[in-house]
Amino acid sequence: MPMTTQQKPKFIAKRLEQIPPYLFAEIDKKRLAAIEKGVDIINLGIGDPDQPTPKHIVEAMHKAIDDPATHNYPPYAGTPEFRKAAVEWFSKRFNLPAFNANTECVGTIGMKEAIHNIFLATVDAGDYALIPSPGYPVYKTSTLLCGGTPYSMPLKEENGFLIDLDSIPEEVAQKAKLLILNYPNNPTGAFATKEFFEKVIAFGKKYNILICHDNAYSENGFDPNNKPLSIFEIDGAKDIAIEMFSLSKGYNMTGWRIGFAVGNPDGIKGLSNVKTNIDSGVFKAIQRAAVVALSGDQSHLDFLRNLYQERARVAEAGLKSLGWEIKNPSKGTLYVWAKIPARYKSSLDFASEMLDKAGIVVPPGIGYGEYGEGYFRIALSVDKSRIELAIQRMKEHGLTYN
Ligand SMILES: *Cc1c(COP(=O)(O)O)cnc(C)c1O
């Protein structure tokens, strides 16, 4: 039961009221009820890799956990070995000069916490944070929890889902502290270009706004000859930007909770300062396993690339057979982003009908922000046979585009 304002206990902080209502609550309720009744639900909602963590990483963990030296508190910023492996992986992967593992890198408990904490490190009450819409929901809630004002930067299809910096009002830019962006993009699957990143860096410098690039999908591009970029491929980016990485999506390690941030020393220092006062780092055994992940065999990346690409093509071909127009096939991430049929009033209506009629869970675009309305997302973290079955069910139940 959702709590009404009157029922809210006196001890719950006002800042929690600012958090928008959980949009998937209704769909979740229906999904659980359907499962209870024995319906075979096809869940295309979860952006969580279905493949196990590569074996050599798991084996490194087994070994590490047997060593008592891993059992006590880790250093706040990450072990020196982990930070060294992180900056080496980073400069090799993007063909960039080495970053300083002490001043330009910090280990994080996955990326979600790092995102929240970079807001704490930069956004005071009354400040603006510039966030993409649609976008990863944490950006908005973290802004609100900091007492800041989120300014939604629309990602429009006609702009290739890139941010239109020229449309940000001058007074908003003046009062902004942080601009967060994410390419390859969740949920749209869009990729950044160098020209676009150049504009973002120039914008950050002009207004003295920290640029934070969420590169959660850096290893999930489909084309091995056209890999996702780092924002540091732009000259001078380190003057104003940090970039966040995670082992979650590329190394099938979502449950392990490990990532890192690199870049501008002031930004890294701010993030580290918040973290030192809030958490006590990642279990050292996990950091040892992550060193093996970053510096060892990378062959699973090709496997994953092919796997997700095949699923994306199956989903897109299926949608096409039901009347969808697929103008830009997905180039990476774990997602396909598609328009809802025009006859539906909202993405929530469409998602509800997908569940009620066909037993398929898809997140409505509105769940990613106001500019996600009119779309829905398909996650590629299920076997292609399940995607095929979903398409078949959509056809049977008249869930076609026209
Ligand atoms: C999954 C995801 C993250 C968070 O990943 P962690 O598991 O917390 O490392 C961050 N940003 C985006 C856009 C994501 O999709």
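In this predicted model, the axes of helix H3 (residues 80-94) and helix H9 (residues 284-295) come within 9 Å and cross at roughly 20 degrees. Axes here are lines fitted to C-alpha atoms, for helices over the stretch in contact, with angles running from 0 to 180 degrees between N-to-C directions; helices (H or I, at least four residues) and strands (E, at least two) are DSSP runs, numbered from the N terminus. That crossing makes H3 roughly parallel to H9 (angles under 35 degrees count as roughly parallel, over 145 as roughly antiparallel, 65 to 115 as roughly perpendicular and the rest as oblique). The H3/H9 crossing is left-handed, meaning that the near helix is turned anticlockwise from the far one by less than a right angle. On the H3 side, Glu81, Phe82, Ala85, Ala86 and Trp89 meet Gln287, Ala290, Val291 and Leu294 of H9, with contact taken as heavy atoms within 4.5 Å. Seven of the residues in this contact of H3 with H9 are nonpolar, one is polar and one is charged.

As for ground rules, residues are numbered from 1 along each chain as its sequence is written, and side-chain values use heavy atoms, with hydrogens and water left out. Since the model is predicted, local features need pLDDT of at least 70 and side-chain atom pairs count only at pLDDT 80 or more, while totals for chains, interfaces and linings use all residues.

Rings of Phe, Tyr and Trp (its six-membered ring) pair if their centres lie within 6.5 Å, with planes under 30 degrees apart called stacked, over 60 edge-to-face and the rest tilted. By this rule the count comes to 24 aromatic pairs. One of them joins phenylalanine 82 to phenylalanine 260, edge-to-face, at 6.2 Å centre to centre and 75 degrees between the planes. This pair links distant parts of the chain, from helix H3 to strand S8 (residues 259-263), 178 residues apart. Phenylalanine 82 counts as buried at 1% relative accessibility, and phenylalanine 260 counts as buried at 2% (buried means under 20% relative accessible area, exposed over 50%, partly exposed in between, with a 1.4 Å probe and protein chains only).

Phenylalanine 90 and phenylalanine 232 form another edge-to-face pair, 6.0 Å centre to centre with 80 degrees between the planes. Phenylalanine 90 sits in H3 and phenylalanine 232 in the loop between strand S6 (210-214) and strand S7 (241-246), so the pair ties together parts 142 residues apart in sequence. Phenylalanine 90 is buried at 0% relative accessible area, and phenylalanine 232 is buried at 7%. Ring pairs link Phe82, Trp89, Phe90, Phe94, Phe99, Phe232, Phe245 and Phe260 into a cluster.

Elsewhere, the axes of helix H1 (residues 25-36) and helix H11 (residues 347-358) come within 10 Å and cross at roughly 5 degrees, which makes H1 roughly parallel to H11. Ile27, Lys30 and Arg31 of H1 make the contact with Leu348, Ala351, Ser352, Leu355 and Asp356 of H11. The tally for H1 with H11 is four nonpolar, one polar and three charged residues.

Arginine 393 lies in helix H12 (residues 384-396) and is buried, with a relative accessible area of 14%.

Conventions. Nonpolar A, V, L, I, M, F, W, Y, C, P; charged D, E, K, R; others polar.
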